[in-house]
Amino acid sequence: MAENENSIRFGIMGCAEIARKVSRAIHLAPNATLVAIASRSIHKARQFAVQNKLSENVKLYGSYDELLDDPFVDAVYMPLPTSLHVKWAVRAAEKGKHVLLEKPTALDVKMFDEMLKACESKGVQFMDASMWYHHPRTAKMKEFLSNSDLFGRVKAIHSSSSYHGTPEFLENDIRVKPDLDALGALGDTGWYCIGAILWTMNQKLPTTVTALPTTIRNSAGVILSCSASMYWDEEQIVATFYCSFISHETMELAVCGSNGTFHVEDFIIPYDESSADFSFTSGAKFVDLHVGWNVKPQAVRVATELPQEAMMIQEFSRLVKGIKDHGLQPDAKWGQTSRITQLVLDAVRNSIDNGYEAVQM
């Protein structure tokens, strides 16, 4: 969108592939404008600008500090390797910039807390860039889960997020390098699985987390594939997830309730950016002789005028606008959602490292 006085002015720190998608999202969001790009070299910043056909008004910087020193930048999006998040998120907060951070947020919750504390102390908004939360389908799915007649009470949850990395990816991508993204598949794809399960449970931490003895690592020790279970003692609910860099593409969430079930196949990235589906079944029973069912799954389609990444930018910008122009407080929900996800991710990693022992939360 064209810049106007109501736009939140974004800078992007880092020219990773995902930054191209978010750059487009900033352009599509009605209340945001991209004003600056920074890379470790001015050449990379220029390359990014040309490849993405950015306006000549977008300033290009050859260092992250230069962007953070720009007084016209309100907020920053950081698609940096996880190992760099603490340094640059804290520095951005100290400069008064609102922080939209690529997931996984941190290597552990101690590092995450350092970032969140910096944001809270400076009164800036924090949000991780899990786009699926912002799709209107997500709210519609929550509506179904909250319907006691159709769905009942949650009994079991399963999620998966996987893709089959190319030989080039498995050898050279930052997500398989221990000094850049040491969490591997657990951090990249597992973040979504854990987030979806906790979303289903209204962000309530499980009682115990136990990794399953299925972990596969590369020669550098980075996780390429793993799975885990979670258990909520009071509710007697179990959840499982599978995440991987070495399996076919999946982005699934299935929830079984006392009266119904629902299933979504593409919760992370919808098959189509203008609409997204999920299916549910309620009151299902077998017909006589058990030769079929009395009901079939019902499909629900939810349309959206903006792709989910632009909806994320729009929501983040709305929050920043409230802080900047009306003196409102940052929305703490997003930091807490990320923190709870990080806590469970840490527990899975600890369980793997300790011979798949159960971790008490």
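Me: UniProt positions are given in the numbering used here, feature names are shortened, and annotations may be inferred rather than shown by experiment. With that in mind, what does UniProt place at residues 8-127?

Reply: The record, an unreviewed entry, has "domain: Gfo/Idh/MocA-like oxidoreductase N-terminal" there. In the model, that span is 42% helix and 22% strand, and its end C-alpha atoms lie 15 Å apart. Helices (H or I, at least four residues) and strands (E, at least two) are DSSP runs, numbered from the N terminus. Keep in mind that this is a predicted model, where local features need pLDDT of at least 70 and side-chain atom pairs count only at pLDDT 80 or more, while totals for chains, interfaces and linings use all residues. Residues are numbered from 1 along each chain as its sequence is written, and side-chain values use heavy atoms, with hydrogens and water left out.

Me: OK, on to Ser162 in strand E7 (residues 154-164). Why does Ser162 count as buried?

Reply: Buried means under 20% relative accessible area (exposed is over 50%, partly exposed in between; 1.4 Å probe, protein chains only). Ser162 has 1% relative accessibility, so it counts as buried.

Me: And Ser244, why is that one called buried?

Reply: Ser244 belongs to strand E11 (residues 237-244). Its relative accessibility is 0%, so the buried label applies to Ser244 too.

Me: What makes the link from the side chain of Ser162 to that of Thr250 a polar contact?

Reply: The term needs a pair of N or O atoms within 3.5 Å; within protein, one must be able to donate a hydrogen and the other to accept it, and residues adjacent in sequence count only if both atoms are side-chain atoms. Ser162 and Thr250 come in at 2.6 Å, so the distance test is passed. The side chain of Ser162 also reaches the backbone oxygen of His248 at 2.6 Å.

Me: Which residues does Ser162 touch?

Reply: Contact means heavy atoms within 4.5 Å. Leaving out residues up to four places away in sequence, Ser162 touches Tyr242, Ser244, Ser247, His248, Glu249 and Thr250.

Me: What makes E7 and E12 a pair?

Reply: Two strands pair if DSSP finds at least two bridges between them. E7 and E12 (residues 246-257) have 9, antiparallel, so they qualify. His164 stands opposite Ile246 in E12.

Me: How many bridges join E12 to E13?

Reply: 4, again with antiparallel strands, E13 being residues 260-264. Ala254 has His263 in E13 as its bridge partner, and the two strands form a hairpin with 2 residues between them.
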